[in-house]
Amino acid sequence: MWLIRIVRRSAMSLAVIALIASIALNLSMLMVSGVHAAASAALSGIGVTTVAAREAGARLARRNATQKIGQKTARRVATRAQRGAVRSISSVGAEAIPVLGVAVLAGALALEVQDACATAADMAGLEAALLSEDDPDTARQKAVDAFDCAEMIREELPDLPDLSESYASGLDWIMGVACGGLPCDESKVAPE
């Protein structure tokens, strides 16, 4: 009889110890991230997929996608900057030529503005990808598609003057230079 009592008390003591250990493990998993990660890894090791493992996989996939977007954006911006530098150096000589230099300057300026707009759109896409909670590729594409360069320029220069009068007087000046200061037929100098 005394043997039965010892077995019962031992079983009860083991149950209490198991209950206390279980509560301690649960509390430590909630409070210590390392214990939680170790328990999740142990469960994943035996084939049980945990929420933590799925979330870690999703975070890793998002980080990899965002990294690729960042690398592609950096490559495009660097290539654009390189082209812009080559274009600026190449156009210096042509800009010094009278009359033709104005056209070269205007063309180079247009290409610089185009490159600046493409870079700003890339940066908007990169920012959207970095801030995305879900799919960085989709967020980047939506931001690039929604980007309006003209609106960005208007925000910085809200009160642009009407340049039609300046354009007309500039055209008159160019025509005067093209004709050598002499009266000439404009249709022969600048065909429409």
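Select Asp115 to begin: at 11% relative accessibility, this residue counts as buried, where buried means under 20% relative accessible area, exposed over 50% and partly exposed in between, with a 1.4 Å probe and protein chains only. Before moving on, note that this is a predicted model, in which local features need pLDDT of at least 70 and side-chain atom pairs count only at pLDDT 80 or more, while totals for chains, interfaces and linings use all residues. Residues are numbered from 1 along each chain as its sequence is written, and side-chain values use heavy atoms, with hydrogens and water left out.

**Stop 1: around Asp115**

Asp115 lies in helix α4 and Arg87 in helix α3, so the pair ties together parts that are 28 residues apart in sequence. Helices here are DSSP runs of H or I with at least four residues, numbered from the N terminus. Arg87 is buried, as is Asp115.

Is Arg83 buried or partly exposed? At 45% relative accessibility, Arg83 counts as partly exposed. Bring in Glu112 to complete the view: Arg83, Arg87, Glu112 and Asp115 are linked in a network of salt bridges.

**Stop 2: Arg80 and Asp122**

How many salt bridges does the structure hold? There are 5. For another one, select Arg80 and Asp122, whose side chains meet at 2.7 Å, N to O. Arg80 lies in helix α3 (residues 51–95) and Asp122 in helix α4 (residues 100–131), so the pair ties together parts that are 42 residues apart in sequence. Both Arg80 and Asp122 are buried.

**Stop 3: Ala53**

Stay with helix α3 and pick Ala53, which has its place there. At 31% relative accessibility, Ala53 counts as partly exposed.

**Stop 4**

Next, select Ser132, in the loop between α4 and α5 (136–146). At 19% relative accessibility, Ser132 counts as buried. Its side chain reaches the backbone nitrogen of Asp134 at 3.2 Å and the backbone oxygen of Asp135 at 3.5 Å.

Asp134 belongs to the loop between α4 and α5 too, and at 64% relative accessibility it counts as exposed. Patches consist of residues with over 30% relative accessible area and no salt bridge, like charges being joined within 9 Å and nonpolar side chains (Val, Leu, Ile, Met, Phe, Trp, Tyr) within 5 Å.

**Stop 4: a nonpolar patch**

Finally, select Leu19, Ile23, Leu27, Leu30, Met31 and Val32. Together they form a nonpolar patch on the surface with about 660 Å² of accessible area, a value from the Shrake-Rupley method with a 1.4 Å probe. Zoom in on Ile23, found in helix α1 (residues 2–31). At 46% relative accessibility, Ile23 counts as partly exposed.

Key
A salt bridge is a side-chain nitrogen of Lys or Arg within 4 Å of a carboxyl oxygen of Asp or Glu. Helices (H or I, at least four residues) and strands (E, at least two) are DSSP runs, numbered from the N terminus. A polar contact is a pair of N or O atoms within 3.5 Å; within protein, one must be able to donate a hydrogen and the other to accept it, and residues adjacent in sequence count only if both atoms are side-chain atoms.
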